[in-house]
Amino acid sequence: MAQQERALQTRRQLVEAAASVFAERGYDGASTGEILTRAGFTRGAMYHHFASKEAIAQEVVAAQIEALRPPKTSVRLQAAIDITLTYARLLQTSDVLRAAVRLTVEETSFSQSRTAPYQWALDVIENVLREADAGGELLPGTPIPDLAQLIVGSFTGIQLLSNLVSGRDDLLHRVSVMWNLLLPGIAVPGVLRRLDTHEERGHRLGGTQGDADAV
């Protein structure tokens, strides 16, 4: 068991070191030598876990799946809000998630499908919205697939713009504004009054990456 734990720790350290390099230099600018230097491991240790730089990059990109995990809030529209607030906060604090996004949006020699992470996000958001609709939280006739596309597309553009303008320092504020403008057109009034879109909630959620307060 101790040996397995050490192996998992080594793998995690390699991913974190690779993410810090990818986040700074992009995929093509990152070298396995620099990754190994930051991780403090030999090339043999890396190849025990990953066959190539691309294999490490694939694991970094896959970290987005955990960041998209829906919280167990009773109001499912709040869960959709919380996914975006948590993701936004982690983009401010996590090298792994910043690297995952950079690997996804940049045109490089990295060969993994660049649309897969967007589809992951769409699937999660659409499922949560369907739960919200089933619970009577959405206004009648709300087109759920179109709404999911709008939320994911808006968030993607907002985080890219925030990165350019402020290094994502203002990202939580921008996400809060997005929801404040969007929610009156999709949420029934009784639910709308209960929803929390404040930046402070993003700080709390991003600090735990766990389940939100019940709403």
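Tyr87 touches Gln64, Ala67, Leu68, Leu97, Val101 and Phe155, leaving aside residues up to four places away in sequence. The model is predicted. Tyr87 also belongs to the largest nonpolar core, which has 43 residues.

**Nonpolar cores**

- Within the core of 43 residues, the members that touch the most other members are Leu77, Tyr87, Leu129, Val175, Trp179 and Leu195.
- At least two residues of this core come from each of helix 5 (76-93), helix 6 (95-105), helix 7 (116-134), helix 8 (144-166) and helix 9 (171-182).
- Helix 5 supplies the largest share, 10 residues.

**Helix 7 with helix 8**

- The axes of helix 7 and helix 8 lie 9 Å apart, and the two pack at an angle of about 130°.
- Angles from 65 to 115 degrees count as roughly perpendicular and those over 145 as roughly antiparallel, so helix 7 is oblique to helix 8.
- The crossing of helix 7 past helix 8 is right-handed.
- On the helix 7 side the contact consists of Tyr118, Ala121, Leu122, Ile125, Glu126, Leu129, Arg130 and Asp133.
- These meet Ile144, Pro145, Leu147, Ala148, Gln149, Ile151, Val152 and Thr156 in helix 8.
- By class, this contact has 11 nonpolar, two polar and three charged residues.

**Helix 1 with helix 4**

- Helix 1 (residues 2-29) packs on helix 4 (residues 53-67) at an angle of about 95°, with their axes 9 Å apart.
- Helix 1 and helix 4 are therefore roughly perpendicular to each other.
- Helix 1 contributes Arg11, Leu14, Val15, Ala18, Ala19, Phe22, Tyr27 and Asp28 to the contact, and helix 4 contributes Lys53, Glu54, Ile56, Ala57, Glu59 and Val60.
- Nine of the residues in this contact are nonpolar, five are charged and none is polar.

**Helix 4 with helix 6**

- The axes of helix 4 and helix 6 come within 8 Å and cross at roughly 110°.
- That angle makes helix 4 roughly perpendicular to helix 6.
- Helix 4 passes helix 6 in a left-handed crossing.
- Ala57, Val60, Val61, Ala63, Gln64 and Ala67 of helix 4 make the contact with Val96, Leu97, Ala99, Ala100, Val101, Leu103 and Thr104 of helix 6.
- This contact has 11 nonpolar, two polar and no charged residues.
- Gln64, Ala67, Leu97 and Val101, which take part in this contact, are among the residues that Tyr87 touches.

Terms used: Residues are numbered from 1 along each chain as its sequence is written. This is a predicted model: local features need pLDDT of at least 70, side-chain atom pairs count only at pLDDT 80 or more; totals for chains, interfaces and linings use all residues. Side-chain values use heavy atoms; hydrogens and water are left out. A nonpolar core is a set of buried Ala, Val, Leu, Ile, Met, Phe, Trp, Tyr and Cys residues joined through side-chain atoms within 4.5 Å. Buried means under 20% relative accessible area, exposed over 50%, partly exposed in between (1.4 Å probe, protein chains only). Helices (H or I, at least four residues) and strands (E, at least two) are DSSP runs, numbered from the N terminus. Contact means heavy atoms within 4.5 Å. Axes are lines fitted to C-alpha atoms, for helices over the stretch in contact, and angles run from 0 to 180 degrees between N-to-C directions. Angles under 35 degrees count as roughly parallel, over 145 as roughly antiparallel, 65 to 115 as roughly perpendicular and the rest as oblique. A crossing is left-handed if the near helix is turned anticlockwise from the far one by less than a right angle, and right-handed if clockwise. Ala, Val, Leu, Ile, Met, Phe, Trp, Tyr, Cys and Pro count as nonpolar, Asp, Glu, Lys and Arg as charged, and the others, Gly among them, as polar.
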